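Please work through the exercises below with the sequence and the model in view, and try each task before reading its solution.

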Amino acid sequence: MSKLHQTQQSFYISFRTAKQELDALLATDPIPSPPTDLIKAVDQKLAAVIEEVQNAKVYLVPYDQRAYASQVEQLTREVHALKERVAPKSKFVFSTRSRKVAMNGHGNEASSSASRSIKSSLQVSEFPGFAVHQVRRLDSKFVTVQTLPTASSLVISQIHKSIIFVPSALSVISNVQVTDCSKSILVIAGEISGPIHVSRINTSTIVVRRAHQVRVHESSDSDILLGETGGRIIEKSDDLIFAKVEFNEANDRIAISPFTELIDDFDNPAGQSPNWSTIDEDTTTKFTDKHYERIIELSQSTDDERQVHDRMTRIIDAALSRDIVFEGDDEQKSAE
């Protein structure tokens, strides 16, 4: 038996054992109350399975890669289903319509003249220690996600021409799901212990400080700036620019550099993928360290809603267009 075959067989056995252990956790009945220990164990086991499959890509044939990726996707769906099952109904929902939940950097209610309805809420389960924070259906809004000592999941969906800022103080999130985002900026400066799943983002920027895995699906024309991350996967995506980002919390700054780590493109398992690139002398990310500084300043601002909106719009216009640069405190069109 060759060394490669031995390695493959070892992986098959290890994966089967890990999957059986995760299946046993998912089948737990009755669900303990509170379910926090169970959810933590499930998240850790799923993360371990994902990492093991990612590491095995170097010696698995393409068919096996797809087969195990499919099993991981199914396990991920089952984990999400378990979390929904243990929290089938919200006990409390705090909405911007009825309560002044901080939907922007200064805590004002959303404007009633917004072109689309807005709903962002903290859903608290009947079980202590389990919650889902949702930010959804935003159009032209600046949102600072507040520190949530009991939250385990952050769901961001249906975002247009908005900025979502997750501060570094927010470090209790186990996973993040982002769907249907266009012409927006998402800065996740908090530490995410589990995966970040991104689907259908277009002409946007996502900045991630730390996560176990980042997966991008059905997305295009976007910048993705990653700090300390584990597996990085793209699928059915194109025109993505990746860059490395380092956070300096001492002075609220970031440093952007070329991305040199492995990115798995499930549509191009062999060779260099044409669907993503990194920065070089001829290519840069639209998002810069100056944009990050402006977002930090805006998150701490006490301006009224109109001023916040105007400042946010200038940041978005600059950060999502390659022909706009900063000059001092204002953005100006660069010379043609």
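This is a predicted model: local features need pLDDT of at least 70, side-chain atom pairs count only at pLDDT 80 or more; totals for chains, interfaces and linings use all residues.

Residues are numbered from 1 along each chain as its sequence is written, and side-chain values use heavy atoms, with hydrogens and water left out.

**Exercise 1. The chain as a whole**

Task: Find how many helices and strands the chain has, and what share of its residues is buried.

Solution: Begin with the elements, which are DSSP runs numbered from the N terminus (helices are H or I with at least four residues, strands are E with at least two). The chain has five helices and 17 strands. Next take burial, where buried means under 20% relative accessible area, exposed means over 50%, and partly exposed lies in between (1.4 Å probe, protein chains only). Of the 336 residues in the chain, 47% are buried. Last come the contacts, meaning heavy atoms within 4.5 Å: among those in the chain with a separation of 6 or more, 42% join residues 24 or more positions apart.

**Exercise 2. Confidence along the chain**

Task: Determine which element has the lowest mean pLDDT and which has the highest.

Solution: Start from the term itself, since pLDDT is the predictor's confidence in each residue, from 0 to 100. The chain has a mean pLDDT of 77, and 78% of its residues reach 70 or more. Then look at residues 89–130, where the pLDDT is below 50 and the model shows 107 contacts beyond near neighbours in sequence. The pLDDT is also below 50 over residues 323–336, a stretch with 23 contacts beyond near neighbours in sequence.

**Exercise 3. An aromatic cluster**

Task: Classify the ring pair of phenylalanine 11 and phenylalanine 15, and then the pair of tyrosine 12 and tyrosine 68.

Solution: Rings of Phe, Tyr and Trp (its six-membered ring) pair if their centres lie within 6.5 Å, and planes under 30 degrees apart count as stacked, over 60 as edge-to-face and the rest as tilted. The structure holds eight aromatic pairs. In the pair of phenylalanine 11 and phenylalanine 15, the ring centres are 5.9 Å apart and the planes stand at 40 degrees, so this pair is tilted. Both residues lie in helix α1 (residues 3–26), four residues apart, about one turn of the helix. Tyrosine 12 and tyrosine 68 form a stacked pair, with 6.0 Å from centre to centre and 10 degrees between the planes. Tyrosine 12 lies in helix α1 and tyrosine 68 in helix α3 (residues 62–86), so this pair ties together parts that are 56 residues apart in sequence. Finally, Phe11, Tyr12, Phe15 and Tyr68 form one aromatic cluster.

**Exercise 4. Helix α4 and serine 162**

Task: Explain why helix α4 counts as largely enclosed, and decide whether serine 162 is buried or exposed.

Solution: Eight of the eleven residues of helix α4 (residues 289–299) are buried, so the helix is largely enclosed by the rest of the structure. One of the buried residues is Glu293, whose relative accessibility is 11%. Leaving aside neighbours within four places in sequence, glutamate 293 is in contact with Asp252 and Arg253. Serine 162, for its part, lies in the loop between β5 (153–160) and β6 (163–166), and with a relative accessible area of 0% serine 162 is buried.
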